[in-house]
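Reader: I'd like to learn how to read a structure like this one. Could you walk me through it, feature by feature?

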Amino acid sequence: MNTHEPRHTRVIALANQKGGVGKTTTAINLGTALAAIGERVMIVDLDPQGNASTGLGVDERCQSTSDVLNGKVPFSAARMETNVPGLCVVPATIDLMAFERESMLATGRHYRLRDAIALMSATEDPASATTYILIDCPPSLNLLTVNALAAADAVLVPLQCEFFALEGLAQLLRTVEEIRVRLNPKLLIHGVVLTMYDQRTTLADQVVDDVRRVLGDKVYATIIPRNVRIAESPSHLYDYRCSGSQAYIRLASEVIERERQMRAA
């Protein structure tokens, strides 16, 4: 069980403007791993495709992140429990597609998510409050992603072990720096997690070496292998024969350790 004293809810955005890098799989499995070690976790599905919601077994979506961003309901009304104890999700629907267009002229449009999280934090019982919010961002640098970065304490970047990995990362890091200057001075890079690693290819090792050389200790030690089972369901996290599940448990431990270091600093 979680023995931490009540503390500020930590908000981590999982972002990469490229699709197919394992972002949603990482959100689901990292959330499951954190819940398994006693954290109270809420995944906010901010991708109109709603893959995180589907992956967590949510079919009926009466309230969604679109309703929260538009001020129709608070997080407390939209969040849904999952089959994983300690893990809930605020599901997404295709209605999120209209958020940017409908918010174009609205004041405070960059802070809708931040304000909704602040309202939730102010009304939760400190003894049972959410300890981690993981935001699964869409694969683009649009207003939804800007909302996530404006609300987050830190950014976790899943990065596929592929040839142009660093090129895409550079654009994201520029965006993060711009958000830090304009909207959210506290925003930090939590870390970069290398995903879809295939040990049979020399290219994967080359990418790992290049990313570590450029980013140093910003890259987590844990590397997520290419593994079909972890993409299927978070229930496989408890299958310790699965190399992917073992990797996500190690990643959760690294995240917790970095959190301790950040709080100490």
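Author: Let's take the sheet. In general, strands of a sheet pair through backbone hydrogen bonds, either parallel or antiparallel. In this predicted model, eight strands form an open sheet with mixed pairing, in the order S3-S4-S2-S5-S1-S6-S7-S8. Strands (E, at least two residues) and helices (H or I, at least four) are DSSP runs numbered from the N terminus, and two strands pair if DSSP finds at least two bridges between them.

Reader: Which strands stand at the edges?

Author: Those are S3 (80-81) and S8 (219-225); each has a single partner strand, so one side of each is left without a neighbour in the sheet.

Reader: Before we go on, what are the ground rules for the numbers?

Author: Residues are numbered from 1 along each chain as its sequence is written, and side-chain values use heavy atoms, leaving out hydrogens and water. As the model is predicted, local features need pLDDT of at least 70 and side-chain atom pairs count only at pLDDT 80 or more, while totals for chains, interfaces and linings use all residues.

Reader: Thanks. Which strands does S2 pair with?

Author: S2 runs parallel to S4 (residues 87-90), joined by four bridges, and it also pairs in the parallel sense with S5 (residues 132-136), over five bridges. Isoleucine 43 has valine 89 as its bridge partner in S4, and valine 44 stands opposite isoleucine 135 in S5. Elsewhere in the sheet, S1 (residues 10-14) and S6 (residues 154-160) are parallel too, with three bridges; there leucine 14 stands opposite leucine 156.

Reader: Are the faces of S2 buried or exposed?

Author: The general idea: in a regular strand the side chains alternate between the two faces of the sheet. Here Val41, Ile43 and Asp45 on one side, and Met42 and Val44 on the other, are all buried. Buried means under 20% relative accessible area, exposed over 50%, and partly exposed in between (1.4 Å probe, protein chains only). Five of the five residues of S2 (residues 41-45) are buried, so the strand is largely enclosed by the rest of the structure.

Reader: What does glutamate 259 touch?

Author: Contact means heavy atoms within 4.5 Å. Not counting residues up to four places away in sequence, glutamate 259 touches Arg10, Ile12, Tyr132 and His190. Glutamate 259 sits in helix H11 (residues 243-264) and is buried, at 0% relative accessible area.

Reader: How many disulfides does the structure hold?

Author: A disulfide is a pair of cysteine sulfur atoms within 2.5 Å, and the structure holds zero. Cysteine 62 is in none; the nearest cysteine sulfur, in cysteine 88, is 16 Å away, too far for a bond.

Reader: Are those two cysteines buried or exposed?

Author: Cysteine 62 counts as exposed, at 66% relative accessibility, whereas cysteine 88 is buried, with a relative accessible area of 3%.
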